[in-house]
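Subject: Structure handover

Hello,

Here is the structure I promised to pass on. Please open it and keep it beside this email as you read.

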Protein chains: 2
Amino acid sequence: MTVTPLIRKLEQFVRLSPGDRTILTRASSERVRKFAARADIIREGDQPKDVHLILSGWACRYKQLEDGRRQVMSFFLPGDMCDLNVFILKEMDHSIGTITAVAIADLSRDFFDEIGAGYPRIATALWWETLVNAAIQREWTMNLGQRTAFERMAHLLCEIFLRLRLAGLNDGLDCQFPLTQADLADATGLSKVHVNRTLQELRAAGLVVLNRKTLNVPSLERLMNAGLFNANYLHMNHEGSQLDANE
Amino acid sequence: MTVTPLIRKLEQFVRLSPGDRTILTRASSERVRKFAARADIIREGDQPKDVHLILSGWACRYKQLEDGRRQVMSFFLPGDMCDLNVFILKEMDHSIGTITAVAIADLSRDFFDEIGAGYPRIATALWWETLVNAAIQREWTMNLGQRTAFERMAHLLCEIFLRLRLAGLNDGLDCQFPLTQADLADATGLSKVHVNRTLQELRAAGLVVLNRKTLNVPSLERLMNAGLFNANYLHMNHEGSQLDANE
DNA sequence: CGATTTATTGAATCGACTCAATTGATGTGG
DNA sequence: CCACATCAATTGAGTCGATTCAATAAATCG
């Protein structure tokens, strides 16, 4: 049940068989852990032991400089997982912290061996996810390097909105939006004050309605234009039929 | 011979057997293509057919907005390869262009199937490379979002210097450095003028000597301090002994 | 060698930041 | 369920880092 976002997302790319869904569901119900909001799941310097799959709630990767400057490098939404095979590294080079209360499933090396050996569709879908995550990280580079505050914020909101939709987590034009302006500041490299002013501009332009932890996007097309948003990097154009599940 | 940077780099992480080296050398000598400086290897929108391995020369990933703003999202040095399994995507979301004259080897899907089936050490090393590349991309996010122009430039120069060293391509305190100030501007999100001024600051601080396409770093430690550089994200602390090659 | 690219400098401007104070929401314990 | 405490959002004013525009100098290439 809680795995739905993952399955839903992977099926954007491959059509999963009942057996595929079963093993994903099983893996998502063993070794579940819960965290409060604003807690760390793993810290820079820790030894990574498992791959974390977000079952519910929002989290983020972040890194901090000695003087306190903090950068959020990505957001994890339900159905997202941290790097495949992280456990081959000796230590984490960043931290993963929660935004809201979060439930995760810890996925072991054995699980991925099993997938590699007997679940080629899942393996392919996980590669696709890995490539999309890399593309998202590159797009953030573009966002921080080239876009103005206004464009950057519009772009980020577009991305989150679309990613929630891929995971089946939005409701028409609305979605849950638990990020504070401080979170947005850390993700966009802007100051909190400027985030506030930028959001006001977006509101004034009629591009977003954002309050009480809810985001409403009256016209995704207009928001995309404002953010110079090209969805190609999300590689969604597959209609779930890349591989067939003739089991 | 030209594969040396790749083998050298991978051996930071695993100890390769003679058989491992043979297949890497073979794959690097079949299907070699050469490009002039400032040419595109593949463009956004193209269908990716192979994984590209840089045998010699420097290249970069980049993306451009309609109005011409350009962001370099990563540099490819000899021994680097573009995303594993890119060919599962329908189209490229960015372009790859050369900086200098470049020779690449095109690696096919079959090659990677072969690696997966019979060369576990190489497979592990390629995963390590993938994870390090993801970490580098995240660090660029940090760089663009949080560091000042001065720190950012110092950080970038550190990273390139260390990566060249990993591939066995620098000579003591010196290394080849074919990037123009315009390239640095596109990579750091700064204007060309400001890159120029920032480099002058770095020179004035005695942190770098940079001219005639050569970079000299008198004290890597001081440059690292200036860039708030923490090398943990390169995951180099493995001494090539992660897995043994008892063939 | 001239032609073109790359690097450098100066001056004026602007986007985003800092500092500081205020308002508004949220949440918790008594 | 209110009162207080805390966290989140908003506003104003002054400043600064980095930008743009424009011109010149130096390097590189054919």
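Two strands count as a pair if DSSP finds at least two bridges between them. Keep that in mind for the sheets below. One caution before we start: this is a predicted model.

**The sheets of chain A**

Begin with the open sheet of 3 strands in chain A. Its order is E1-E7-E3, and the pairing is antiparallel. Which strands stand at the edges? They are strand E1 (32-35) and strand E3 (51-56) of chain A. Each has a single partner strand, so one side of each is left without a neighbour in the sheet. On average, neighbouring strands here are turned by 35° against each other, direction ignored.

Now look at one pairing in detail. E3(A) and strand E7 (residues 102-107) of chain A run antiparallel, joined by 5 bridges.

E2(A) is joined to strand E6 (residues 95-98) of chain A by 2 bridges, and the two run antiparallel. Asp40(A) has Gly97(A) in E6(A) as its bridge partner.

**Where the two chains meet**

How many residues does each chain bring to the contact? Chain A gives 34 residues and chain B gives 34 residues. On the side of chain A that touches chain B, the elements that give two or more residues are strand E5 (70-76) and helix H4 (120-146) of chain A. H4(A) supplies the largest share of that side, 14 residues. By class, that side has 15 nonpolar, 12 polar and 7 charged residues.

The cut-off for buried is 20 or more. Asn133(A) and Gln146(A) are 13 residues apart in sequence. In space they are 20 Å apart, C-alpha to C-alpha.

**A residue in chain B**

Next, find Val72(B), which lies in strand E5 (residues 70-76) of chain B. Val72(B) has 25 C-beta neighbours inside 10 Å, so it counts as buried. Leaving out residues up to four places away in sequence, Val72(B) touches Cys60(B), Arg61(B), Tyr62(B), Asp183(B), Asp186(B) and Ala187(B). Take Asp183(B) from that list. Val72(B) and Asp183(B) are 111 residues apart in sequence, but 7.6 Å apart in space, C-alpha to C-alpha.

Still in chain B, look at helix H5 (residues 149-166) and helix H7 (residues 192-204). Their axes come within 9 Å and cross at roughly 75°. That makes H5(B) roughly perpendicular to H7(B). Which residues make the contact? From H5(B) come Ala149(B), Phe150(B), Met153(B) and Ala154(B). From H7(B) come His194(B), Thr198(B), Leu199(B), Glu201(B) and Leu202(B). By class, this contact has 6 nonpolar, 2 polar and 1 charged residues.

**The DNA**

Turn to DNA strand C, which has 16 residues around it. Ala149(A), Ser191(A), His194(A), Thr180(B) and Gln181(B) come nearest. Helix H7 (192-204) of chain A gives two or more residues to this surface, and so do helix H6 (181-188) and H7 of chain B. The largest share, 6 residues, comes from H7(B). The surface near DNA strand C has 6 nonpolar, 7 polar and 3 charged residues.

DNA strand D also has 16 residues around it. Here Thr180(A), Gln181(A), Ala149(B), Ser191(B) and His194(B) come nearest. The elements giving two or more residues are helix H6 (181-188) and H7 of chain A, together with H7 of chain B. H7(A) gives the largest share of the surface near DNA strand D, 6 residues. By class, this surface divides into 6 nonpolar, 7 polar and 3 charged residues.

Best wishes

Methods
Residues numbered from 1 in each chain as written. Chains lettered and ligands numbered in written order. Predicted model: local features only at pLDDT ≥ 70, side-chain atom pairs only at ≥ 80, totals over all residues. Axes fitted to C-alpha atoms, helices over the stretch in contact; angles between N-to-C directions. Helix = DSSP H or I, 4+ residues; strand = E, 2+ residues; numbered from the N terminus. Parallel < 35°, antiparallel > 145°, perpendicular 65-115°, else oblique. Contact = placed C-beta atoms within 7 Å. Nonpolar A, V, L, I, M, F, W, Y, C, P; charged D, E, K, R; others polar. Near = placed C-beta within 6 Å. Buried ≥ 20, exposed ≤ 12 C-beta atoms within 10 Å, placed from the backbone.
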